[in-house]
Amino acid sequence: MNASTIAAIATPPGHGGIGIVRLSGPQSLDIALSVFRIKRNAPFSDVDGKGSPGSFVPQSRYLYYGVVVDPDSLHIIDEALFTVMRAPHSYTGEDVVEIQSHAGPVALARILGAVLRKGAQPAGPGEFTRRAFLNGRIDLTQAEAVADLISARSEKAAEIAAVQVSGKLKRVIQALQATLHDMLTYIEAAIDFPDEVGQEIDPDTIAFRIDRELVQKLKSLMLSADQLRCLRDGIKMIIIGAPNVGKSSLMNRLLEKERAIVTDIPGTTRDFIEDAFLMNGMPVVVTDTAGIHETVDPVEQIGIDKAWAHISGADILLLTMDVGRAADAAAMGLFEKLSDTRKQIIVVLNKTDLPVDRQVFHLPGSWSENPKVEVVRVSALHNQGVAELKSLIAEMVIRSSVVREDGILINLRHKSCMETALGALENARHGLAQNMPFELIAIDLYAARDALSEITGESAKEDILDSIFSTFCIGK
């Protein structure tokens, strides 16, 4: 258990109804009681802050009403509710105290300053959750899920994060570790007692178990990595096309607000503009990019380079074409280049409000024959066809947001550890097929076990922990 007591404001900055100052550590109760005065039977106006805590011993998980006082001047800072959660039955596994006051930034800062002056240390980012991990209250997958739950951008993302907080991934990893432990028990016995045990172990049976009980399950979990990215970060959709084809107008229609500047002057958008909206409960991040064309303007070229950089990470490309322009060599070249990315492409034929005799764009056969290409006709100016475009995007979002029935999704760190474990298991299977000594098979199985232990944090290095918890907010 940590020797220091930490404190932080646990609620977001700004004005609100309730703000919380949280303390955790062996001295949290003593420090908090040194600045809190319980209101007994006197009205609030009669509590002057000069009384001593006296014999007040709060019970765990009870709320008490009183005031917080400045430890130097004894002036009242604010009225507050006070609660203590005693170790080990608290979020961190330590004694935890929460002081709930009005959520004014000045009042909260004064309360935090008061407990810091009485001996608490300022908490770092994610330090409360880190202590929960170090004290064995949660494993590393649960700690990461707490951050995912806080930052969830959709109901489905929050739902999956809540499943992770409950420890479902931890239990799956522990089951895989138990299987490895069972295999290693037999193999170690064969190594130590080759005459008695060695002949009884069938390498083919072990190889089959490795494949059926470990490799297949790990691969199934890894398939969910891309789904998690969509749930956490949103479906990434890029609007791309030549200058002045209506990309910014299209973005404004999709967002249903004036997010991008729209003019008749080509090249208005020189940098990318990004915003998000919800589609079927899934966040969709849409980016308006600079017009793709040949240019000698260095500023425009930077914008075009940024557009191509964004395309590499996109899920859906909205290739916007002006129906008043024929499909020239530049348009054909742009389409071919986008097709090479193997992304899902929606060709948006914009400005369909133009007179029919001015609509000179004809869809090339190679475009319509591409199975990854859909075509929609719109007039962003008059908001025509935009509903059909949104319906098509919704279909793609639904296809992208199919979530595994077991509700387990992994992040890139988990995936990297699983890849390491899979590599070691594949080596073990190969070794068994080649009748290699059990000592070498055991080395590979231990390597797989260690990689899985890093997922739950049992063997995670300090720099990994620093990286994970640095992404948390202070106070969590």
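This is a predicted model: local features need pLDDT of at least 70, side-chain atom pairs count only at pLDDT 80 or more; totals for chains, interfaces and linings use all residues.

Modeller: The side chain of Lys 351 meets that of Asp 322 in a salt bridge, with an N to O distance of 3.3 Å. This pair links distant parts of the chain: Asp 322 belongs to strand 11 (residues 316-322), whereas Lys 351 sits in the loop between strand 12 (344-350) and helix 12 (365-368), 29 residues apart. Asp 322 has a relative accessible area of 9%, so Asp 322 is buried.

One of the others joins Arg 117 to Asp 72, their closest N and O atoms being 3.1 Å apart. Arg 117 is part of helix 2 (residues 105-117) and Asp 72 is in the loop between strand 4 (64-69) and strand 5 (76-85), so the contact ties together parts that are 45 residues apart in sequence. With 45% relative accessibility Arg 117 is partly exposed, while Asp 72, at 58%, counts as exposed. Arg 117 and Asp 72 also belong, with Asp 70, to a network of salt bridges.

A further salt bridge lies within one helix. The side chains of Arg 209 and Glu 213 meet at 3.0 Å, N to O. Both residues are in helix 7 (residues 203-222), and because they are four residues apart there, about one helical turn separates them. Arg 209 is partly exposed at 22% relative accessibility, and Glu 213 is partly exposed at 25%.

Definitions and conventions: Residues are numbered from 1 along each chain as its sequence is written. Side-chain values use heavy atoms; hydrogens and water are left out. A salt bridge is a side-chain nitrogen of Lys or Arg within 4 Å of a carboxyl oxygen of Asp or Glu. Helices (H or I, at least four residues) and strands (E, at least two) are DSSP runs, numbered from the N terminus. Buried means under 20% relative accessible area, exposed over 50%, partly exposed in between (1.4 Å probe, protein chains only).
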